[in-house]
Amino acid sequence: MFNSITGTSDGGYLVNELACYLQTDALDIALPNMQTIEIRYEAHYTARQYHYHLPLGKLQLLALILYLPSETSLANIETVRMAAVKAVLAWQKTKTDSSQDKDNQALVYDVLVVDIQFSEDANSSNNNNSDNNDEHNNDNNIEHNRQRNQLPKRLKHEFAARYFMENLVVDMSDHAQRLQVFSWHDWCSITLALQTPCELWRFLGYHLDQLQRSVSSHVASFESEDMLVTQFLSSALLFDHAITIDNALIKYGIQQAPNSALVAMTLAQKNKSQTAQMYQQHRQQAATLWSQLSTQMIQTVSAELTAQANTESLKPQFSLWQQQLLDESAFSRHELIRTLYRHPKQELALQKTGYVVHQHSYENLGRHYVLIFYGQDLAGQNSKAAIQPNLQHIAQDVATRLPMAELHHVIILGIDFISDAGETFMDIDLWIQPVNNMTQRERQLTKQIQRLKQQGAEQQDIQQPVAKKQAAKKPNEPVNDLPQIRLNLSIPARKDKL
């Protein structure tokens, strides 16, 4: 259960993406009944809570660090750890009771991440902790010690289902929101494996179900968090939401048949075939590439906003803007990245004239992508010079033609592949267009009128060259004037094909 190692946090891109959903700065928490434990075992702790407002619900994460003298015995470590978890449960119950009637609509997951570190100064840091000033000095001493040693010496430990059943189920039985407890190492491993915020959210639901199943059956449903993550990523349930989106797109007439990649991956998961692992690697690669792409976009816009005088007033817009890019599942990112990598394999004639690919989000039915691959003919109608000034008009035109009441954003990517000194780059123009709400009936009528005007050519925009045009009547005006961004993004080298 216990193993002492030296390490630093590495949660992958997901940790950085979660920061985009953080609602407020971290809150320092004072846990009840900890003073006696600190004095008796010469320990110290810090507890900070982070509130993340994800598209699917609220994640309330409490990061608890326990600092112990290096000579602490395993028995005492377990005693301190158990006391700390019980203190968090008591604090959570008080918090839940006081806020019971404030917001019962949003789904909430409460998570505790426990990090146990050995500190040479932990002994002296608690000799005088009778007032707030002394506690503040203790924090400074421990922080100084951590900086001096650079890498903290951490204790590798775990909780898993059996620990929950034997030690925590009684304390949580009367809680409306059960606390999910992870060790620091397990949490880092989970975030590294899952890669996207929406996959993390669904895993927490899956994890909670497994804990409840363990309690009801009196048999631990998983032995370790690593095993449960692997089980989750290998389950066909991973694609349930994407299949729901896919069916909706067919119902709306946006696509004619189920997504072939989605069908293949789902069957591979269900049948436990050898290709399932290959598909999983492809999704992981795509999730990483989309994270890199989105990060560069976000950093560019952030730099532009920082240079503006009214930065604070633009923060809410920027927060919503960046979430549109990050709120994509691994499969949805796979489809977007796969579309990008198909371009060099297209016929040379098509690359010369330019073309457009409509790609819908498989995470959110209200988000639609249009990937415009600029033609190499500088004088052509699909050239960068002809299309770039009209990205907003194109976005509004697409929004008008999509007969979906759920539509809330259209994202335009104007893409120009550039080869230079043996390296390939993408010069990307980005436009994110918020869309006013329309009823489904209004969208259907709009589409019928435009079908008549186009004389049955309602599909001409799909997989065909982009025409430089706009709707005669535009009911969808911009909700917010979001910036048009021009980025130069290097494509990372890949060993395997997507």
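Mentor: The axes of helix H7 (residues 184-194) and helix H8 (residues 197-217) come within 9 Å and cross at roughly 125°. Axes are lines fitted to C-alpha atoms, for helices over the stretch in contact, with angles from 0 to 180 degrees between N-to-C directions; helices are DSSP runs (H or I, at least four residues), numbered from the N terminus. The model is predicted: local features need pLDDT of at least 70 and side-chain atom pairs pLDDT 80 or more, whereas totals for chains, interfaces and linings use all residues. Residues are numbered from 1 along each chain, and side-chain values use heavy atoms, without hydrogens or water.

Trainee: Which residues in H7 and H8 meet?

Mentor: Contact means heavy atoms within 4.5 Å. Trp187, Ile190 and Leu194 in H7 meet Glu199, Leu200, Phe203 and Leu204 in H8.

Trainee: How many salt bridges does a search of the whole structure find?

Mentor: Side chains of opposite charge can pair when their charged atoms come close. A salt bridge is a side-chain nitrogen of Lys or Arg within 4 Å of a carboxyl oxygen of Asp or Glu, and the search finds 11. One of them joins Asp327 to Arg367, with the closest N and O atoms 3.4 Å apart.

Trainee: Is Asp327 buried or exposed?

Mentor: Buried means under 20% relative accessible area, exposed over 50% and partly exposed in between (1.4 Å probe, protein chains only). Asp327, at 8%, is buried, and Arg367 is buried at 1%. Asp327, Glu328 and Arg367 are linked in a network of salt bridges.

Technical notes:
Helix = DSSP H or I, 4+ residues; strand = E, 2+ residues; numbered from the N terminus.
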